[in-house]
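Subject: Structure for your review

Dear colleague,

Please find below the structure that I am handing over to you. My notes on it follow directly after.

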Amino acid sequence: MNTNITMIHGSGGAATGELIHEVFASAFNNTVLDAMEDAAVLDPASGSEGAGARFAVTTDSFVVTPVEFRGGDIGRLAVCGTVNDLLMRGAVPKYITSAWILETGVNIDLLKRVVKSMAETAGEAGVQVICGDTKVIEGQGGIYVNTTGVGFVPKDVDIRAGGAKPGDVILVSGTMGDHHAAILSERMSIETDIRSDVAPLCEMCEGLRRLRVHTMRDVTRGGLGTVLKELALASGTVFEVEDGLIPVSEKVREFCGLLGLDPMYMGNEGKMVAIVHPDDEAKALEIMRNSRYGQDAARIGIVAAPDEKKPAGSLYARTSIGGIRELDVLQGEGLPRIC
């Protein structure tokens with residue numbers, strides 16, 4: 001690993017994983033942290049979710065530029081990013097914290113808009129902001145937000161990164177790359193009406209939780225390719241997807257063509273992957289498509305058993321002309337920072 005931190009370490013790809021494992025995981029290692037899930041699931045708790053429910057806890061920080069963008073802002077992003085991480089473990093989100101680092105020069109009216117947006121999004125997601133902190137540092141008007149989220153996992157729910165099984169189907173909840181394209185176009189002053197997809201996926205996950213869903217993961221930094229590769233590795237299986245089945249809006253596809261980008265490695269903030277028992281595929285797609293933010297849900301591939309030609313942890317995509325390409329996690333920096 002490089003001896004100094006660079007922007008590549010925040011990409012969500014290979015360099016981020018190397019940093020996490022070599023610096024943080026090696027120092028803080030324990031059975032909960034070592035699972036490397038989006039949210040930690042802890043001992044049983046009692047509450048409205050019933051006896052035997054477990055705590056789920058996650059934490060995240062948000063540094064997006066610009067702080068307001070088409071379709072959202074850093075306040076909405078902070079709530080959605082936190083809530084969605086809890087949802088991906090099958091949890092019912094309940095509470096979040098809100099800590100703000102403000103650089104000198106922040107416009108108070110801008111700050112009020114962002115905080116109001118956070119409050120409105122928390123209401124949409126059904127969570128309460130229960131505590132927080134504010135620090136002011138020298139700077140040029142930047143806003144950074146740190147959150148912690150707490151939820152409860154119902155007794156019989158076991159959704160985890162390593163849960164995929166051969167024969168399962170791979171579903172996505174909608175089009176890829178929307179948030180990434182929205183942020184990048186604003187940073188580059190490219191005129192477009194592409195909007196961020198930033199959204200809390202509570203309604204969708206509430207329905208999926210009742211099915212045989214083995215794995216869920218939101219598609220953020222690193223994009224779909226990175227997420228699928230990580231899940232294949234965690235489960236010791238082989239993931240096989242069809243390029244032509246992966247939903248991408250025409251506007252984002254044109255944007256990618258203009259800049260030479262691959263939608264497989266572009267991030268979202270309101271889309272998810274679900275790995276589902278094949279007998280529940282139709283019901284899962286129905287739930288996703290009838291939920292808010294899931295109208296473009298699609299089946300994109302299957303989970304297979306490893307063999308001599310396709311080792312455990314492999315990810316393959318069939319191209320539109322019938323070829324096969326092997327995919328890995330994002331290498332290098334996925335510009336710009338999108339969350």
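Glu269 is buried, with a relative accessible area of 4%; buried means under 20% relative accessible area, exposed over 50% and partly exposed in between, with a 1.4 Å probe and protein chains only. This is a predicted model, in which local features need pLDDT of at least 70 and side-chain atom pairs count only at pLDDT 80 or more, whereas totals for chains, interfaces and linings use all residues. Residues are numbered from 1 along each chain as its sequence is written, and side-chain values use heavy atoms, with hydrogens and water left out.

Glu269 belongs to the loop between H7 and strand E11 (272-276). Helices (H or I, at least four residues) and strands (E, at least two) are DSSP runs, numbered from the N terminus. Leaving aside neighbours within four places in sequence, the contacts of Glu269 (heavy atoms within 4.5 Å) include Leu77, Asn84, His179, Asp197 and Cys339. Pro200 is 69 residues from Glu269 along the chain, and their C-alpha atoms are separated by 8.6 Å.

His179 is also one of the buried residues of helix H4. Eight of the ten residues of H4 (178-187) are buried, and their cover includes strand E3 (68-69), helix H2 (74-87) and helix H7 (250-259). After H4 comes Ser189, with a positive phi near 55 degrees.

How do H4 and H7 meet? Their axes come within 10 Å and cross at roughly 55 degrees; axes are lines fitted to C-alpha atoms, for helices over the stretch in contact, and angles run from 0 to 180 degrees between N-to-C directions. H4 is therefore oblique to H7, given that angles under 35 degrees count as roughly parallel, over 145 as roughly antiparallel, 65 to 115 as roughly perpendicular and the rest as oblique. In this contact, Asp178, Ala181, Leu184 and Ser185 of H4 meet Val252, Phe255 and Leu259 of H7.

Yours sincerely
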